[in-house]
Amino acid sequence: MTDTEAKALGKVGVLFGGRSAEREISLISGSGVLQALTSKGVDAHAFDPAERSLAELAAEKFDRVFIALHGRFGEDGTLQGALELLGIPYTGSGVMASSVGMDKITTKIVWLAAGVPTPKYITIGADDHVDADGIVAALGLPLIVKPPLEGSTIGITKVSAAADLQAAVDLARQYDKAVLVEQFIQGREFSVPVLGTGASARALPIVEIVAPEGNYDYQNKYFTDDTQYHCPAPLDAATTAAIQAHVVNAYRALGCEGWSRIDVLLRASDNAPFLLEVNTSPGMTTHSLVPMAARAEGTSYEDLCVDILRSASLKAGQAKKA
């Protein structure tokens with residue numbers, strides 16, 4: 001990257017930290033992105049929305065921002081709306097795709113309408129009685145219970161007995177009013193990054209995740225070296241192509257832009273794929289999967305960060321204020 005190319009990107013804000021339950025991971029992601037951009041000669045500056053106001057963000061007069069926030073108030077459309085109003089181009093998806101993608105229940109509704117395979121589910125409202133026997137009859141055992149607006153496996157429980165369902169719902173309700181109860185898919189676990197927008201969207205190499213005892217939890221996801229990753233995933237060409245096609249279809253159905261990562265399970269009994277969720281502001285830590293997939297294509301972490309930054313835009317068609 002030449003000095004001229006770096007200067008053309010202007011003054012860049014790297015937004016990380018924030019107020020969500022995923023703040024700790026965002027701090028790691030953002031620090032990596034900031035260092036990568038700086039190493040390429042980009043005039044990049046740290047900005048933590050948990051410690052500084054939107055007025056200060058506007059006063060910085062950034063030409064564009066790289067969003068390295070995860071979860072609420074960074075990945076859910078709220079910040080994206082503010083950036084649209086401020087006229088600051090930003091990385092990743094716009095308001096609608098960010099908001100819909102953050103909500104696993106709404107994501108499923110859109111995906112099912114678009115023919116995207118996703119596990120069967122039941123939604124339990126904030127005031128709903130938990131009919132454990134009815135839910136088990138509909139979805140079978142085991143089940144996965146999760147708060148629909150959280151990420152990084154926060155608040156998730158695998159339930160193997162109907163008697164344990166209420167406790168799992170109570171845990172999920174500590175994070176969200178509604179609770180998602182999902183059919184458990186026994187099989188191999190994958191994640192597929194996507195880059196681009198619209199017709200240009202393409203899937204990167206598939207990453208297979210092999211976690212200790214199949215438990216890809218918060219600790220195994222970010223802080224241990226016990227989880228194994230295989231990229232490109234050891235799959236035949238037809239299965240690889242089918243998974244990538246489903247993922248790109250799912251990405252486009254939600255209106256995602258710039259980049260995202262979609263999690264997939266491949267059922268052991270018949271090799272059928274099931275898409276679980278989308279991350280519209282994926283992790284960029286040393287353990288993260290988007291940089292891993294990019295490396296498999298020959299793209300360094302630093303070049304990946306620059307490529308994502310170059311895609312920063314306003315999605316509402318609003319010109320940046322002078």
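K11, R52, E56 and E60 are linked in a network of salt bridges. A salt bridge here is a side-chain nitrogen of Lys or Arg within 4 Å of a carboxyl oxygen of Asp or Glu. The whole structure holds 15 salt bridges.

This is a predicted model: local features need pLDDT of at least 70, side-chain atom pairs count only at pLDDT 80 or more, and totals for chains, interfaces and linings use all residues. Residues are numbered from 1 along each chain as its sequence is written, and side-chain values use heavy atoms, with hydrogens and water left out.

**Salt bridges**

- D48 pairs with R23, with 2.9 Å between the closest N and O atoms.
- That pair links distant parts of the chain, 25 residues apart: R23 sits in helix 2 (residues 23-39), and D48 in the loop between strand 2 (43-47) and helix 3 (54-59).
- D48 is buried at 9% relative accessible area, while R23 is partly exposed at 25%. (Buried means under 20% relative accessible area, exposed over 50%, partly exposed in between, with a 1.4 Å probe and protein chains only.)
- R202 and E297 form a salt bridge through their side chains, at 3.0 Å from N to O.
- This pair also joins distant parts of the chain, 95 residues apart: R202 belongs to strand 9 (residues 202-203), E297 to the loop between helix 11 (289-296) and helix 12 (301-310).
- R202 is partly exposed at 38% relative accessibility; E297 is partly exposed at 39%.
- D263 bridges to R261, the closest N and O atoms lying 3.5 Å apart.
- D263 is buried at 12% relative accessible area, and R261 is buried at 10%.

**The sheet**

- An open sheet is built from 4 strands in the order 4-7-5-6, with antiparallel pairing. (Strands pair if DSSP finds at least two bridges between them; helices are DSSP runs of H or I, at least four residues, and strands runs of E, at least two, numbered from the N terminus.)
- Strand 4 (121-124) and strand 6 (157-159) are the edges; each has a single partner strand, so one side of each lacks a neighbour in the sheet.
- Neighbouring strands are turned by 25° against each other on average, direction ignored. (Axes are lines fitted to C-alpha atoms, for helices over the stretch in contact; angles run from 0 to 180 degrees between N-to-C directions.)
- Strand 5 (residues 143-146) and strand 7 (residues 179-183) pair antiparallel over 4 bridges. L143 has Q183 of strand 7 as its bridge partner.

**Helices on the sheet**

- Helix 6 (residues 104-113) packs on the sheet and touches strand 4, strand 5 and strand 7. Its direction makes about 140° with that of strand 4. (Contact means heavy atoms within 4.5 Å.)
- Helix 8 (residues 165-172) lies across strand 4, strand 5, strand 6 and strand 7, at about 30° to strand 5.
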